[in-house]
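The sequence and model are shown below.

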Amino acid sequence: YRMLIVDSHLDIAYGALEWNRDLLQEIPAIRESEAGMGEKGRGRGVVSFPELRKGELGLFFVTVHCRLASVGRRFAGVRTQDIAYAKCMGELAYYRLMEKKGVLRQVRDRESLDRHIADWQHNADSTPLGFVLTMEGADGIVSPDQVGEWWDEGLRVVSLVHYGISSYAHGTQAPGGLTERGRPMLRALEEAGIILDTSHLAEQAFWEAMDNFGGPVLATHNGCRALCDHDRQINDKQIAALAERGGVIGTAMDIWMLSPLWDTQAQDNSQITFETVADHIDHVCQVTGNAKHVAIGTDLDGGYGKEQSPADLDTIADLQLLLPILEGRGYSEEEVAGIMHGNWIELLRTAWA
């Protein structure tokens, strides 16, 4: 059997604009169009609109994203927040056009969420794919004054940082806390009703953000540090803290975040499969004591392809293969449904009450 999947992290516009992909096409056509291109992930993409529909991914969180070049230029990015804002707006323009074409439909509140889920369950073939607008790294919000404008566009989830140091916080591979501009931004996000995504926060910044933000929290795309030791993954204390606040953790499928067996030189993913993904899901359930705080947050179009995905995944539609694996590990049908879609829907309904 198959079921609705909600994925909390897809870089759809990035795939279209930065990778120059026509996401309206089938995967074989997209791969064919990139044949002979030498860069990482080329000819091996796993996400397109037809594939999302095939996999019954009826709702997903999409990103707008542009980061500042990090201090010391260790992580590439743009020079100013003005540029970051404009690039994020450009990505938003892509989503708007896909809405006009009837491919996508934005979900912004409880009413549109419930209506979309009902439509999808009634007729998945013709209902547009639903999306929740998120921002990965908050450099595209130039100041707290701009949060209202972004809210009006339907922005509902924001993380403060990506790799390196943003205007607001220290992030992956850049230990440290919030910057002096971080707290005012968190206040503005909380006042607007935006959900805080803790993904990519450096550990100190994570705890400072949790202390300084009183609204709903989640982690859109993460692995467990207990299973793959890197500061990009979250540790058991962070998992417990998110759960305590009613948060949900989206399990990422970028395999360097799942297993120490991934070797970028050898590019051999054969030992890393959906079973590995299930290990991470299971670990969150063991830490929290139930299956209510873990879900799917693939990041499957985040700058790599099939070569850096679970070995038994050819396209994103193969996420349905997780169902029998989770059931085989003793999860009930209700728990599996929660992991695949229900936990995200419940979190959004609660946040938007």
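## A buried threonine

Thr 315 counts as buried because its relative accessibility is 6%, where buried means under 20% relative accessible area with a 1.4 Å probe and protein chains only. Thr 315 sits in the loop between strand E9 (294–296) and helix H11 (322–328); helices (H or I, at least four residues) and strands (E, at least two) are DSSP runs, numbered from the N terminus. Leaving aside residues up to four places away in sequence, Thr 315 touches Ile 27, Arg 31, Val 46 and Glu 51, contact being heavy atoms within 4.5 Å.

## Basis of the model

The model is predicted: local features need pLDDT of at least 70 and side-chain atom pairs count only at pLDDT 80 or more, while totals for chains, interfaces and linings use all residues. Residues are numbered from 1 along each chain as its sequence is written, and side-chain values use heavy atoms, with hydrogens and water left out.

## The largest pocket

The largest pocket has a volume of about 650 Å³. A pocket is an open set of points on a 1 Å grid over the protein atoms alone where a 1.4 Å probe fits, with protein on both sides within 12 Å along at least five of seven lines; lining residues have an atom within 4 Å of a point. A volume is the space filled by probe spheres set on the points.

Of the 30 lining residues, Tyr 14, Arg 67, His 162, Tyr 163 and Gly 302 are the closest to the centre of this pocket.

## The second largest pocket

The second largest pocket holds about 390 Å³ of space. Among its 20 lining residues, Val 248, Lys 292, Asn 343, Glu 346 and Leu 347 are the closest to its centre. Helix H12 (residues 333–351) supplies the largest share of this lining, nine residues.

Technical notes. Buried means under 20% relative accessible area, exposed over 50%, partly exposed in between (1.4 Å probe, protein chains only).
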